[in-house]
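Hello,

Here is the structure we talked about handing over. My notes on it follow below.

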Amino acid sequence: MADVRVLNNEAVSVLAALFRLNNHEKMIDRDTLAADHLARWVIKSRVSIPAELFEMIEVFFSWDSFFGLRTLPYICFEGIDSCEAFMEWLERLSPQSLMAKFFSPQYYEDCEARDLAFRLLELDERETLKYVFSNLELGNSSRYSAIEILRDQNGAKESFSSLLHFICRELFDGEFLEILRESSRTFRELFNGNFSLYGQPFLRELLDIERREESSESDLYIFSSWFLGGSVITVNLPERNSVISIVGEETMRKKNMLPEAMDPLEIAGVLSVEGSMNLLKTLMNRRMNIRSIAKETGLHTQL
């Protein structure tokens with residue numbers, strides 16, 4: 001069975017928040033209860049973000065390219081678990097190393113030769129075009145953004161850092177972080193109950209993982225994010241034998257297969273009704289049909 005790790009992570013929430021800001025209109029059909037709350041948050045946040053930064057959100061967090069979300073594997077494998085740790089890690093990276101992380105489909109350790117290769121792309125427009133159009137993971141709508149990023153790698157890193165700093169500083173206050181943590185606790189409770197009962201089939205249903213032999217042996221890192229609403233984003237890393245997913249809380253609620261426990265106050269309210277108590281006493285240790293129950297309790301039958 002897979003080694004499943006369900007984690008709470010502020011750095012992941014930052015990335016999911018930025019992705020939501022850029023793609024809200026494409027995601028609302030997947031949301032149910034969270035839609036109104038998320039819509040209000042999106043409107044408020046879009047107004048507060050400076051125009052020049054908002055333009056960069058579209059570059060890094062478009063629906064197709066996922067440049068900003070390419071840092072997810074590093075959050076998992078390098079122990080980044082807070083906004084502060086994310087900022088510190090980013091500051092230590094060279095612009096070229098960040099570019100390599102954006103454009104490589106795999107997780108890898110920092111490498112001087114790779115950094116030099118990306119530095120050369122910044123200097124050679126022909127090689128940049130060749131590199132971008134040879135990357136089959138990029139759609140046509142993403143290639144222009146990729147070329148712009150590679151032509152000014154220092155500026156790209158500065159813009160990416162500024163986006164993360166702004167979100168952490170302006171939109172992640174203490175009250176809001178508590179909302180995220182409560183959401184994560186709810187997610188973990190629902191997930192643990194379902195996984196203990198149903199195991200791997202529930203994971204495949206939740207994460208939409210195809211039934212493959214190797215999938216049963218993969219490490220699974222699962223994050224919850226209020227910002228995703230009803231969406232799931234999954235990254236497969238074959239060389240690390242891992243699957244990394246961010247799952248919206250609404251998706252978890254829709255997939256929840258556990259019976260909901262009745263509220264104690266609701267139970268007390270039902271039992272406080274005289275007719276309910278009479279019915280309960282009548283049915284104790286007896287097998288009766290509807291007509292017999294109605295005759296003995298005086299309750300009316302409804303056909």
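**What was found**

The buried residues of helix H6 are Pro95, Gln96, Ser97, Leu98, Met99, Ala100, Lys101, Phe102 and Phe103. That is 9 of 9 residues in H6, which spans residues 95-103 and is mostly covered. Please keep in mind throughout that this is a predicted model.

**Overall**

The protein chain holds 16 helices and 4 strands. Of its 303 residues, 48% are buried. Taking contacts in the protein chain between residues at least 6 apart in sequence, 66% join residues at least 24 apart.

**The sheet**

The 4 strands form an open sheet in the order E1-E2-E4-E3, and the pairing is mixed. E1 and strand E3 (232-237) are at the edges with a single partner strand each, so one side of each has no neighbour in the sheet. On average, neighbouring strands of this sheet are turned by 15° against each other, direction ignored.

Going through the pairs in sheet order:

- Strand E1 (residues 4-7) runs parallel to E2 and is joined to E2 by 4 bridges. Leu7 stands opposite Phe223 in E2.
- E2 pairs with strand E4 (residues 242-248) over 7 bridges, again in the parallel sense. Here Ser224 is opposite Val247 in E4.
- E3 and E4 are joined over 6 bridges in the antiparallel sense. Leu237 stands opposite Ser242 in E4.

Strand E2 (residues 219-225) is mostly covered, with 6 of its 7 residues buried.

Helix H11 (residues 174-198) lies across E1, E2 and E4, and runs at about 160° to E1. Helix H12 (residues 200-207) lies across E1, E2, E3 and E4, and its angle to E2 is about 50°.

**Asn9**

Asn9 is in the loop between E1 and helix H1 (10-27). Is Asn9 buried or exposed? Its relative accessibility is 6%, and buried means under 20%, so Asn9 counts as buried.

The side chain of Asn9 has polar contacts to backbone atoms. One is to the backbone nitrogen of Ala11, at 2.8 Å. Another is to the backbone nitrogen of Val12, which lies 3.0 Å from a polar atom of the Asn9 side chain. Leaving out residues up to four places away in sequence, Asn9 touches Ile75, Ile80, Asp81 and Phe223. Phe223 is also the residue in E2 that Leu7 stands opposite.

**H8 and H9**

The axes of helix H8 (residues 125-134) and helix H9 (residues 140-151) come within 10 Å and cross at roughly 140°.

As background, an α-helix has 3.6 residues a turn, so residues three or four places apart point the same way.

Regards

Technical notes. Residues are numbered from 1 along each chain as its sequence is written. This is a predicted model: local features need pLDDT of at least 70, side-chain atom pairs count only at pLDDT 80 or more; totals for chains, interfaces and linings use all residues. Side-chain values use heavy atoms; hydrogens and water are left out. Buried means under 20% relative accessible area, exposed over 50%, partly exposed in between (1.4 Å probe, protein chains only). Helices (H or I, at least four residues) and strands (E, at least two) are DSSP runs, numbered from the N terminus. Two strands pair if DSSP finds at least two bridges between them. A polar contact is a pair of N or O atoms within 3.5 Å; within protein, one must be able to donate a hydrogen and the other to accept it, and residues adjacent in sequence count only if both atoms are side-chain atoms. Contact means heavy atoms within 4.5 Å. Axes are lines fitted to C-alpha atoms, for helices over the stretch in contact, and angles run from 0 to 180 degrees between N-to-C directions.
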